[in-house]
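Keep the sequence panel at hand for making selections.

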Amino acid sequence: MKRAFLIGAIGGTFGLFAALSIILTSTSNDFTLSGIQAALFSSMGLMGAAIAEKEPRFAGWMLLSSAIWILITSPLAGTFTILFLYAPAIIILAAAGIISLREPEPDEDTL
């Protein structure tokens with residue numbers, strides 16, 4: 001297994017757990033919407049991690065964009081406190097994206 005897959009899967013899982021905790025403990029529609037958006041983008045990070053071995057460049061962009069979108073959509077609830085719940089997922093997904101972008105493309109002969 002590649003490092004990008006493992007790190008991306010861990011980051012996506014952290015993001016899903018944080019989103020689930022926000023959704024289950026939400027007190028307003030804004031918190032629920034933020035949790036749903038984070039869950040969707042964490043799922044995109046998991047998908048990026050899944051294809052990291054075959055398509056490392058595309059997977060890297062998926063992982064980085066999911067980290068950025070979680071970072072952008074979390075303050076939409078009107079508070080920055082939920083950003084601390086998403087911080088580990090954002091950092092781990094961004095790290096997996098950078099690792100995946102630095103990997104060389106696989107040769108077509110080895111596929």
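This tour moves through a predicted model, one selection at a time.

**Stop 1: helix 3**

Select residues 56-73, which form helix 3. Check its length. At 1.5 Å a residue, its 18 residues should span 26 Å, and the end C-alpha atoms are 25 Å apart, which agrees.

Now colour the buried positions of helix 3: Pro56, Ala59, Gly60, Met62, Leu63, Leu64, Ser66, Ala67, Ile70 and Thr73. What covers these buried residues? The cover includes helix 1 (3-24), helix 2 (29-50) and helix 4.

**Stop 2: helix 3 against helix 4**

An angle over 145 degrees counts as roughly antiparallel, so helix 3 is roughly antiparallel to helix 4. Their crossing is left-handed.

Show the contact residues next. On helix 3, they include Trp61, Leu64, Ala67 and Leu71. Across from them, helix 4 contributes residues including Tyr86, Ile90, Leu93 and Leu101. By class, the contact of helix 3 with helix 4 divides into 16 nonpolar, four polar and two charged residues.

**Stop 3: Ile98**

Pick Ile98, in helix 4. Is Ile98 buried or partly exposed? At 46% relative accessibility, Ile98 counts as partly exposed.

**Stop 4: helix 2 against helix 3**

Hide helix 4 and bring up residues 29-50, helix 2. Helix 2 and helix 3 pack at about 165 degrees, with their axes 8 Å apart. That angle makes helix 2 roughly antiparallel to helix 3. The crossing of this pair is left-handed.

Helix 2 brings residues including Gln37, Phe41, Met44 and Gly48 to the contact. Helix 3 brings residues including Met62, Ser65, Trp69 and Thr73. The contact of helix 2 with helix 3 divides into ten nonpolar, eight polar and no charged residues.

**Stop 5: Ser42**

Finish on Ser42, in helix 2. At 0% relative accessibility, Ser42 counts as buried. Which residues does Ser42 contact, leaving aside its neighbours within four places in sequence? Select Gly12, Gly15, Leu16 and Ile70 to see them. Ile70 is also one of the buried residues of helix 3, and Ile70 takes part in the contact with helix 4 as well.

Terms used: Residues are numbered from 1 along each chain as its sequence is written. This is a predicted model: local features need pLDDT of at least 70, side-chain atom pairs count only at pLDDT 80 or more; totals for chains, interfaces and linings use all residues. Side-chain values use heavy atoms; hydrogens and water are left out. Axes are lines fitted to C-alpha atoms, for helices over the stretch in contact, and angles run from 0 to 180 degrees between N-to-C directions. Helices (H or I, at least four residues) and strands (E, at least two) are DSSP runs, numbered from the N terminus. Angles under 35 degrees count as roughly parallel, over 145 as roughly antiparallel, 65 to 115 as roughly perpendicular and the rest as oblique. A crossing is left-handed if the near helix is turned anticlockwise from the far one by less than a right angle, and right-handed if clockwise. Contact means heavy atoms within 4.5 Å. Ala, Val, Leu, Ile, Met, Phe, Trp, Tyr, Cys and Pro count as nonpolar, Asp, Glu, Lys and Arg as charged, and the others, Gly among them, as polar. The expected span of a helix is 1.5 Å times one less than its number of residues. Buried means under 20% relative accessible area, exposed over 50%, partly exposed in between (1.4 Å probe, protein chains only).
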